[in-house]
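Here is a short note for a colleague who wants to look over the model before using it. Please read the points below alongside the structure.

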Amino acid sequence: MSSLRWKIALTIAAVSCAVAAALGILVHNVVAQQIVGEVRKDAGRELEHALAHYQYGTAHGDVNLALDPPGLPGPLRKLVSRGLTGSMVGEHDATPVMWAAAPADGKALTVWIPYESTRHRLQDIDTAILASSAVAAGVVALAGVFLAHRISRRLTTTAAVARRISAGDLDARVGFPAEEDGPHGTDSGGRRLPRHRDEVGDVAQALDSMAESLQKRIEAEKRFTADVAHELRTPLTGSLAAAALLPEGRPKEMINDRLKALHLLTEDLLEISRLESGVERADLTRVELGRAVQRAVAATRLEASVRVVRDAVVLTDRRRLDRILANLLVNADKHGEPPVEVTVEGPVVVVRDHGSGYPPELVEQGPQRFRTGDPGRGRGHGLGLTIAAGQAAVLEITLGFANAPDGGAVTTLRLPVGRLTEGTST
């Protein structure tokens, strides 16, 4: 009920009901004054005839006439006592009548005419006004619901596309058609104005334009990164070969160390470029998760304990899974504090260290390349976790980053449930 659709619909319905009520009251007052005025005129004419006959002492048998009748309304009697003439609606013998009275020899000469048919006529008119107002309000309310539904649907579509774009789907577009320029209307600068102004369409087109611009920039950045890494690969390989020919000593060690670091950075950039291009495909095989994790941890030669609470056989790519675990362990060893613990429970693998934890922006937004993060976790390029996240996406593994309540970074890998069968507990 709190959605924009219902707010607009209820607002339009309330306004239409208020307008219908105001118009109904106005029409009722105008028509009632006209009809009652006609009856007053009839009563006034009858009173004039009665006064004329009274002055000449003749009878006027076609009119209900009396002097100071007991049923004369009090306000009208007081008016006549002041020497004035007037009329008002009242009752005579429990029947609605229009009274008219004038002073005659210190008394009230009074006539009355039937008012029942006039009252029924006014009631019929009120019924017709209420019915027409209800129909008009209902039609306007339905039109408001339709309009609100259309606006809400377009806004919902735009919001859904915005969420897809924020999730990384830069190909998502709203695709609302643009409004045509009309033949009339210009602004102060002489530019032609749209024939119909559509604010929702403007928002959708702005979102599409933003997504297209963002996509072009990211693609340009990806191409630049891939091109730079590819161009650096060949001279680095030659430099490593040339450095191997240098005489043994401290200078050779320093050169080899820096060249190897630069070579690893280049290889990481190339791997990220391949992952971001979407061309990577997993080579799936059945793997005992617990044993695979133990072998992957042992291959890193880093200090880390492995605990298999409940093993499982999963369908995954062993090489890519090893790459993910190796990057997570290297990150924990480099930026965290011992002990580093790896736990396997069914299709879930948890890697935890006991350092200062992940920076808040990484927990909220995920890893990004060349983001150094919290100085408390050391310096880095952010490529290791970025590669781990990219490989996890290829394997459809959910990768979560969090911090333990008692300190330390916690990384959780959840393999797809549809791709596993339970194994034996160990």
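Predicted model: local features only at pLDDT ≥ 70, side-chain atom pairs only at ≥ 80, totals over all residues.

The numbered points below go from the whole chain to single residues.

1. Overall make-up. The protein chain contains nine helices and 14 strands. It has 426 residues, of which 35% count as buried. The accessible surface of the protein chain is about 25400 Å², and carbon and sulfur atoms account for 57% of it.

2. Contacts along the chain. Among contacts in the protein chain with a separation of 6 or more, 61% are between residues 24 or more positions apart.

3. Nonpolar patch. Val 15, Val 19, Leu 23, Leu 26 and Val 30 make a nonpolar surface patch of about 450 Å². One of these residues, Val 30, sits in helix H1, which covers residues 4-56. Val 30 has a relative accessible area of 47% and is therefore partly exposed, since the partly exposed class runs between the 20% limit for buried and the 50% limit for exposed.

4. Salt bridges in general. Side chains of opposite charge can pair when their charged atoms come close. The count for this model is eight salt bridges. Three of them are taken up in the next points, including one in helix H1.

5. Arg 45 and Asp 42. These two residues form a salt bridge in which the closest N and O atoms are 2.1 Å apart. Both belong to helix H1, and because they are three residues apart there, about one helical turn separates them. Arg 45 is partly exposed at 44% relative accessibility, and Asp 42 is also partly exposed, at 33%.

6. Arg 77 and Asp 68. A salt bridge joins the side chains of Arg 77 and Asp 68, with an N to O distance of 3.8 Å. The cut-off for a salt bridge is 4 Å, so this pair is counted. Arg 77 is partly exposed, with a relative accessibility of 31%. Asp 68 is likewise partly exposed, with a relative accessible area of 33%.

7. Glu 253 and Arg 250. Their side chains meet in a salt bridge at 3.4 Å, N to O. The two lie three residues apart in helix H5 (residues 250-277), so they are separated by about one helical turn.

8. Thr 412. This residue lies in strand E13, residues 409-414. Is Thr 412 buried or exposed? Its relative accessible area is 18%, and because buried means under 20%, Thr 412 falls in the buried class. Leaving aside residues up to four places away in sequence, Thr 412 touches Val 348, Val 349 and Val 350, and also Thr 398, Leu 399 and Gly 400.

9. Gly 106. The loop between strand E3 (95-104) and strand E4 (107-114) holds Gly 106. With a relative accessible area of 80%, Gly 106 is exposed. Which distance separates the C-alpha atoms of Gly 106 and Val 80? They are 8.9 Å apart, while the two residues are 26 residues apart along the chain.

Conventions
Residues numbered from 1 in each chain as written. Heavy atoms only, no water. Patch = residues over 30% accessible without salt bridge, like charges linked within 9 Å, V, L, I, M, F, W, Y side chains within 5 Å. Areas by Shrake-Rupley, 256 points an atom, 1.4 Å probe, with all protein chains shown as cover. Helix = DSSP H or I, 4+ residues; strand = E, 2+ residues; numbered from the N terminus. Buried < 20%, exposed > 50% of the residue type's maximum accessible area, 1.4 Å probe, protein only. Contact = heavy atoms within 4.5 Å.
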